[in-house]
Amino acid sequence: MALPAPFDRLRLPIIGSPLFIVSGPELVIAQCKAGIIGSFPALNARPSGVLDEWLHQITEELAAHNRDNPDRPAAPYAVNQIVHRSNDRLEEDMEVCAKWQVPMVITSLGAREEVFSAVTKWGGISLHDVINDRFARKAIEKGADGLIPVAAGAGGHAGTQSPFALMQEIRTWFDGLVALSGSIAHGRSVLAAQAMGADFGYIGSAWIATKEANADEAYKQEIVDSKAGDIVYTNLFTGVHGNYLRGSIEKAGLDPENLPESDPSKMNFGSGGNSKAKAWKDIWGSGQGVGVVDAVETVAERVDRLEAEYNAAKAELMEKLDS
């Protein structure tokens, strides 16, 4: 579909997904200046009053960039809200988002009508994470503007369905905004997501290995060194199934091949669920697309690379179609 303003001024159809702990103002600002949507989880701003400071910083720096670069304005940014009932900051954080009129809000772990309604009132756009068609329909029924199908191979709390199957089902009934998530780390994959009917490629793990990311240097290097086969899918660490780096599980003294099942009723998205090793801090999330991430570089360099890959893939496709 045609993207609404200000999302129609992107350099590439990419949303940098919110990464717990890793995404902060420096990463988001760099992504937006490079021409893609940057995002961060509201819960990364700790204590809660820091969220207001972050949004002030992001707003001011992007406004300054736009004044100095009218020919290449920054992309808008997004804030991720965990809407699960365990998040006792949600109401307060939504008020801060309303104050700054956040352009896009990404919601996860539950669809709540009052959250979508609030975003609409200040003129923002809401996208909701889903892992299957049933959850997608519920989110739209409750007022979400768009969807983020989290397909097999995505980092963090990923689903198990093929992106082909997920996109096919959603596009039979929904013609609104869709950002496809799942092993996207190359410009060719962004083009493939569009070919499947998505408006955006939703990229997460590749940003961990950037200089602006708030990640341990060992984490960044493990992203560089890992392949798809090094990703382990388990619900042990938060109570919800997700994808994690094998090396970080081993460093925590656990056997990736023999992890116990967790109790989903004891979900703990910020600190470690049913394991002494803490999710995100000790156990590092990653999607299966990391095999093409071969260096730690700046966000600007990574976007340059994605653009070159995207344009080359588009030219190759057009040549094939013309032959």
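L317 lies in helix α10, residues 299-322; helices are DSSP runs of H or I with at least four residues, strands are runs of E with at least two, and both are numbered from the N terminus.

Together with M318 and L321, L317 forms a nonpolar surface patch with about 290 Å² of accessible area. For such a patch, residues need over 30% relative accessible area and no salt bridge, and nonpolar side chains are joined within 5 Å.

## Strand β5 and its partners

Strand β5 (residues 125-130) is largely enclosed by the rest of the structure, because 5 of its 6 residues are buried. Strand β4 (residues 104-108) pairs with β5 in the parallel sense over 4 bridges, where pairing requires at least two DSSP bridges between the strands. Within this pair, T107 stands opposite H128. Strand β6 (residues 146-149) also pairs with β5 in the parallel sense, over 4 bridges, and L127 stands opposite G146 in β6.

## Crossovers

From β5 the chain passes through helix α5 (residues 133-141) to β6 in a right-handed β-α-β crossover; right-handed denotes a clockwise path from the first strand over the helix to the second, with the strands pointing away from the viewer. A right-handed β-α-β unit is also made by β4, helix α4 (residues 113-121) and β5.

## Basis of the values

Residues are numbered from 1 along each chain as its sequence is written, and side-chain values use heavy atoms, leaving out hydrogens and water. As the model is predicted, local features need pLDDT of at least 70 and side-chain atom pairs count only at pLDDT 80 or more, while totals for chains, interfaces and linings use all residues.

Definitions and conventions. Patches are made of residues with over 30% relative accessible area and no salt bridge: like charges are joined within 9 Å, nonpolar side chains (Val, Leu, Ile, Met, Phe, Trp, Tyr) within 5 Å. Accessible areas come from the Shrake-Rupley method with a 1.4 Å probe; for residues, only the protein chains shown count as cover. A salt bridge is a side-chain nitrogen of Lys or Arg within 4 Å of a carboxyl oxygen of Asp or Glu. Buried means under 20% relative accessible area, exposed over 50%, partly exposed in between (1.4 Å probe, protein chains only).
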